[in-house]
Structures are given as C-alpha cells and as structure tokens.
Amino acid sequence: MTSASKTTSHRPQRPPRLTAGAVAAAAVGWSLVTVPGAVAAEQADPGAELVFEQTAEPIGGVRPGDSAEVSFAVKNKGDAPATRVVLYLGGSQGLEYAKKYSNCVYEEAPAQDEGPARTNAVCDIEQTLEPGVVYEPGEPIGLKLLDRALYERLDVNILAGVNTFPDGTQHGGGADPVLKLFARTTPEAPGTVHGGELGVDITAENTADFALTGSKVRGAAGRTVEAKVTFANKGPAWARNDVYGPIGVFDVGIPEGTKVTGVPEFCEPAEAAATYRCTTPYNYADEDSERAYVFRLRIEKVVANATGKVAFVKGDNRWGTLPFDKNRTNNTAEIVVNESGGGASSGGTTSGTTSGGTTGGTSGGTDGAASSTGGSGAGTQLDELAETGTTDGTLLAGGAAVVLLAAGGAAVAIRRRTS
C-alpha cells in the first residue's frame, strides 16, 4: 500500500485554488450535493477546524486493472468539537471506487466547464471529532484503475457544520459497511504539515497514442480549397497535461503557392513563416477522441506537390515530450496541394476544390478574407452528435456522456468511447 501527496510540478496559469467544501463541490464537479463556499463558511462549526496531514507520497508502479489504496489522517485543529461532518472524494475519470459505503452517495460526473469527467463521492460522517485529536478511516480508500487510467488523481476534502445531509445518513452506496473515522492512539510526529485539502496523484503504466492526419487537395489558380488536419488520441488511455495548458500542440505548415483565407479555431500564426500553431481546446484529451482543423487555402499559384508539414511541437512538459505516446510513426503528417501522379498522401484524405463555396469540405468563409471555421469540418463526428443532440448541449451516446462545448461561436466536439 502506498499513498500520495500533491505534485510539485510547475503549473502556470492555474486557476485560483478553492478551499474545503467549495473545492469538493465545485472544483471536482460534484452535482448531486452542492456546498457553495460562502454557505459552507456560514454553516461551519464555530471553533472547529479540520485539516489533513500532508505526509503521503505519490502512487506509481500500477497498471490498469490494478488496485490502489489511499490513506489519510484528519485533525480537528480548532478549539471546539466538529459535528455534522461531511467527507468529499473526487476521483479522476480513470478511477473507480472499490467499495460503495452505505453512508456515501456516488456520482459519475460528466465533463463540464473545460474539465474532464469525474467520479465523486460524498459521505455523511455521523461522528463528533474532538479538538486536538487525529482521526483516520478504518481502512484506506480503495480504488481500481480502469483501462483508460494514466495520470489520475484523488482529491479529499472534509468540512464540519454543513447541512449536506439534513435528514441524517443517506444510504446511497450499497451493501458495504459504513465509512467511519477512528481516533489515532499514536502521537502526531513533530513538525507535521497540515492543509485544508489533500490531493493524491496516481500514475498508471499505460499509453495514449496521439496521432496527426493531413490531407491532399487539388485546385486551379484562383480557387479556394479546404485542407483538413486531424488530431486524435487513439488511446487506450486518456491523457492530461502536467501544466494548465493544452495537451496537444502542433505546427501546420502552409504549402507553397497558397494563401490562408480561413483559420480554424485554436490555431494562430506561429513565429516561423507560413506556419500556424494549433492546440487542443483543453489540457486533456479523452481516449478515442478527435478534432478536425480545417484551413481554407486560396491557390495563388499552382505548384506541383506543394507540401506543408504537420508535426507536434517540442517542449519541456507533456505537451512537448509526449512521454505516454510510444507510437511516434503517426506524430507527423502532410498537407499536399496538387500532387503529381495521384496516390494517397501520408495519412491523408482528399477533399474537393471550392470557389466561394465548398465541395466535400466545410461551408462558410470567403475568398481573400480571413475567417474562422472553428470546429467545422469534423465530419461524421459532428454529424453523429447532431443526431443525438439536446438543447442543453449534453449528448448521450451508448450510455457515455458526450459534451458539446461552444467556444467563440464554434462547436468543439469530443467523442467518447462507448464500449
């Protein structure tokens, strides 16, 4: 058994960290039970202060299908008893709880607010935690690593004096026993560091295959064509970045003799000439998900075999090094305009030519003027979502939640595995 503490990796642009109940209810996406930070502060027991010992180590050396255990110790650092105690567990989407305690309510929360899906639990601890006493659960929190597991995390929070369960224990878990806390008999080690929340990082030995696909287009001088570049995570794991930034970053070279008249969302001119830098919308990519980036190119001059290279950008964190991607054969692709002799390009598809409109590509945009095509051109991905759409933007496919996110008026489709 190994337990873990929060990572110390550099996280630029990270959103402000919430505390206590606000973190558990908001940051981990809990929706069955809401504990707004302001309300929680008003309801907290006067004089009670619950904090976690920050003494654990990260968990590693585990694989999908394995189990992991997380222990924690909580102390009432205040000068009054803590009553109406609620424990919050927020797990990342590659985790599953090994037990369903009878005094806990569980929920699979879908992706929302730019964050991935979560597996959450909230537990009614019908005990009084005395001041100055350290408490531990009767057994560690057991977790199972799913096939999609890679960079996982369990967030643990606790709050006293909260009206989350006004009628007492909610039996939302199952046949497993009640989750209880027990007073520790051994004294606390000198210099023990405490905090209002606990984060446990769990890294599984797994891979995520990031792939780029280009396209092949044809057209006469003066015509406009649509060249599609596709980013995909072929799995088996979902992956998230170790900084608060996109997990996938790649450069798209513009073929000679063409001029960009329409730029897809999440792409912008790079420092290098005739190059655009594109990113994934968020700092994670689900397994079996993909996104299309459609560039509108006006052919200023016909150049046989005009080629633009597409490749991931090197960097000093996961978006640059892709340590989880062991298949590098599909990490580059090409856009080819007016290829000589026909034949398929590397990983590419053929799209028709356009003149003000489109053939076999996306619609919108005009010759000679830059326009954003956003997430259009995702092909069957968006078509599939449209067939099952609902007015609130949440889609269900084969029992798995699919979220259609809107940014800048353009749709972003993330397709989730349904098997």
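**Entry 1: the chain as a whole**

Helices and strands are taken here as DSSP runs, a helix having at least four residues and a strand at least two, numbered from the N terminus. I noted at the outset that this is a predicted model. With that definition I looked up the elements of the protein chain and found four helices and 32 strands.

I then asked how much of the chain is buried, and recorded that buried residues make up 51% of the 419 residues. The accessible surface of the protein chain comes to about 18,500 Å². Carbon and sulfur atoms account for 50% of that surface. I also looked up contacts between residues at least 6 apart in sequence, and 82% of these join residues at least 24 apart.

**Entry 2: confidence**

I checked the confidence before reading any detail. The mean pLDDT of the protein chain is 77, and 69% of its residues reach 70 or more. Over residues 343-419 the pLDDT is below 50, although the model gives this stretch 163 contacts beyond near neighbours in sequence. Residues 1-43 also have pLDDT under 50, with 98 contacts beyond four places in sequence. Where pLDDT is low, predicted coordinates should not be read in detail. I therefore leave the particulars of such stretches aside.

**Entry 3: strand β25**

Is strand β25 largely enclosed or left open? I found that five of the seven residues of β25 (residues 306-312) are buried, so the strand is largely enclosed by the rest of the structure.

Next I looked up its partners. Strand β19 (residues 249-253) pairs with β25 in the antiparallel sense over three bridges. Here Asp251 stands opposite Ala311 in β25. Strand β26 (residues 332-337) also pairs with β25 in the antiparallel sense, over six bridges. In this pairing Gly308 has Ile335 of β26 as its bridge partner.

**Entry 4: an open sheet**

I turned to a sheet of three strands, which is open, antiparallel and ordered β3-β10-β6. Which strands stand at its edges? I recorded β3 (67-70) and β6 (95-97); each has a single partner strand, so one side of each is left without a neighbour in the sheet. Neighbouring strands of this sheet are turned by 35 degrees against each other on average, direction ignored.

β6 and strand β10 (residues 141-145) pair in the antiparallel sense over three bridges. For Tyr97, the bridge partner in β10 is Leu143.

How values were computed. Residues are numbered from 1 along each chain as its sequence is written. This is a predicted model: local features need pLDDT of at least 70, side-chain atom pairs count only at pLDDT 80 or more; totals for chains, interfaces and linings use all residues. Side-chain values use heavy atoms; hydrogens and water are left out. Buried means under 20% relative accessible area, exposed over 50%, partly exposed in between (1.4 Å probe, protein chains only). Contact means heavy atoms within 4.5 Å. Accessible areas come from the Shrake-Rupley method with a 1.4 Å probe; for residues, only the protein chains shown count as cover. Two strands pair if DSSP finds at least two bridges between them. pLDDT is the predictor's confidence in each residue, from 0 to 100. Axes are lines fitted to C-alpha atoms, for helices over the stretch in contact, and angles run from 0 to 180 degrees between N-to-C directions.
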